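Reader: Please take me through this model by question and answer. Keep it short.

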Amino acid sequence: MSKYQYSVLNYWNDGDDLYVNYIVENTETKQKANVIEYYDTSDIECDYNTASEAEIEKALTTLLEENDGIEFKLPKASELSPLLRYIYDRVCESEDNMCHIDYNDWEELKEEEDFLEEDINVLEQEIEKYNLHDYITLDDGEYKICGYGGLQCFVNDDRVKESDELER
């Protein structure tokens with residue numbers, strides 16, 4: 001029997017991407033990880049369009065159990081820089097699973113959120129450290145920062161919240 005217990009909190013479909021927010025608990029240490037993962041709707045062992053919620057959750061749990069605790073190796077949200085955490089939160093909250101910060105938005109964020117230009121340097125280092133090149137782009141001409149879907153899948157959101165369910 002596995003020492004990890006998986007519980008689906010919620011899931012949502014974005015095109016053919018099926019995002020699932022779940023908790024995994026190490027039953028020996030009682031540690032928990034709050035994570036988002038995504039699969040193609042064709043990855044689950046039932047027809048997404050006709051299956052019941054219970055059938056979908058069961059199929060998702062089966063897929064998640066294959067992770068076998070890898071979630072505990074993910075970076076913790078509490079250890080990310082404030083700017084990366086901000087981008088992560090915006091991607092999680094967006095219906096499009098994206099975050100766009102244009103150059104004017106960046107100037108406003110520097111005033112309202114107390115970000116500094118050196119926060120961009122820290123973000124660049126984190127992009128390298130965590131290999132986030134596919135999920136965050138900087139200075140593309142139109143936007144200062146873009147965060148894309150999939151970014152929310154690389155974090156163990158260990159922050160204390162009112163609910164385990166992550167924003168979406």
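Reader: Does Ser-94 count as buried or exposed?

Author: This is a predicted model, in which local features need pLDDT of at least 70, side-chain atom pairs count only at pLDDT 80 or more, and totals for chains, interfaces and linings use all residues. Residues are numbered from 1 along each chain as its sequence is written, and side-chain values use heavy atoms, with hydrogens and water left out. With a 1.4 Å probe and protein chains only, buried means under 20% relative accessible area, exposed means over 50%, and partly exposed lies in between. Ser-94 has a relative accessibility of 16%, so Ser-94 counts as buried.

Reader: Where is Ser-94 found?

Author: Helices (H or I, at least four residues) and strands (E, at least two) are DSSP runs, numbered from the N terminus. Lys-144 is 50 residues from Ser-94 along the chain, with 18 Å between their C-alpha atoms. Ser-94 itself is in the loop between helix 2 and strand 4 (99-102).

Reader: How do helix 2 and helix 4 lie to each other?

Author: Two packed helices are described by the angle between their axes and the distance between the axes. Here the axes are lines fitted to C-alpha atoms over the stretch in contact, and angles run from 0 to 180 degrees between N-to-C directions. Helix 2 (residues 82-93) and helix 4 (residues 117-130) pack at about 70°, with axes 8 Å apart. Under 35 degrees counts as roughly parallel, over 145 as roughly antiparallel, 65 to 115 as roughly perpendicular and the rest as oblique, so helix 2 and helix 4 are roughly perpendicular.

Reader: Which residues of helix 4 make the contact?

Author: Contact means heavy atoms within 4.5 Å. Helix 2 supplies Leu-83, Leu-84 and Ile-87. Helix 4 supplies Asp-119, Ile-120, Leu-123, Glu-126 and Tyr-130.

Reader: How many residues of this contact are charged?

Author: Ala, Val, Leu, Ile, Met, Phe, Trp, Tyr, Cys and Pro count as nonpolar, Asp, Glu, Lys and Arg as charged, and the others, Gly among them, as polar. In the contact of helix 2 with helix 4, six residues are nonpolar and no residue is polar. The number of charged residues is two.

Reader: What kind of aromatic pair do Tyr-6 and Tyr-22 form?

Author: Rings of Phe, Tyr and Trp (its six-membered ring) pair if their centres lie within 6.5 Å; planes under 30 degrees apart count as stacked, over 60 as edge-to-face and the rest as tilted. The count comes to seven aromatic pairs. Tyr-6 and Tyr-22 are 5.8 Å apart centre to centre, with 40° between the planes, and the pair is tilted.

Reader: Which strand holds Tyr-22?

Author: Tyr-6 is buried at 7% relative accessible area, and Tyr-22 is buried at 1%. The pair links distant parts of the chain, 16 residues apart. Tyr-6 is in strand 1 (residues 4-14), and Tyr-22 is in strand 2 (residues 17-26).

Reader: Where does Asp-114 lie?

Author: Most residues other than glycine have a negative phi, and most peptide bonds are trans. Asp-114 is not a glycine, yet its phi is positive, about 60°. Asp-114 counts as exposed, at 63% relative accessibility. Its place is the loop between helix 3 (103-112) and helix 4.

Reader: What is the relative accessible area of Asp-68?

Author: Asp-68 also has a positive phi, near 50°. Asp-68 lies in the loop between helix 1 (53-65) and helix 2. Asp-68 is partly exposed, and its relative accessible area is 49%.

Reader: Which residues does Phe-72 contact, leaving aside its neighbours within four places in sequence?

Author: Phe-72 is found in the loop between helix 1 and helix 2. At 23% relative accessibility, Phe-72 counts as partly exposed. Its contacts are Tyr-4, Val-24, Glu-25, Asn-26, Gln-31, Lys-32 and Ala-33.

Reader: How many Å separate the C-alpha atoms of Cys-153 and Tyr-19?

Author: Cys-153 is in the segment after strand 6 (143-147) and is buried at 14% relative accessibility. Beyond its neighbours within four places in sequence, Cys-153 contacts Tyr-19, Ile-36, Glu-37, Tyr-38 and Leu-74. Cys-153 and Tyr-19 are 134 residues apart in sequence, and their C-alpha separation is 8.8 Å.
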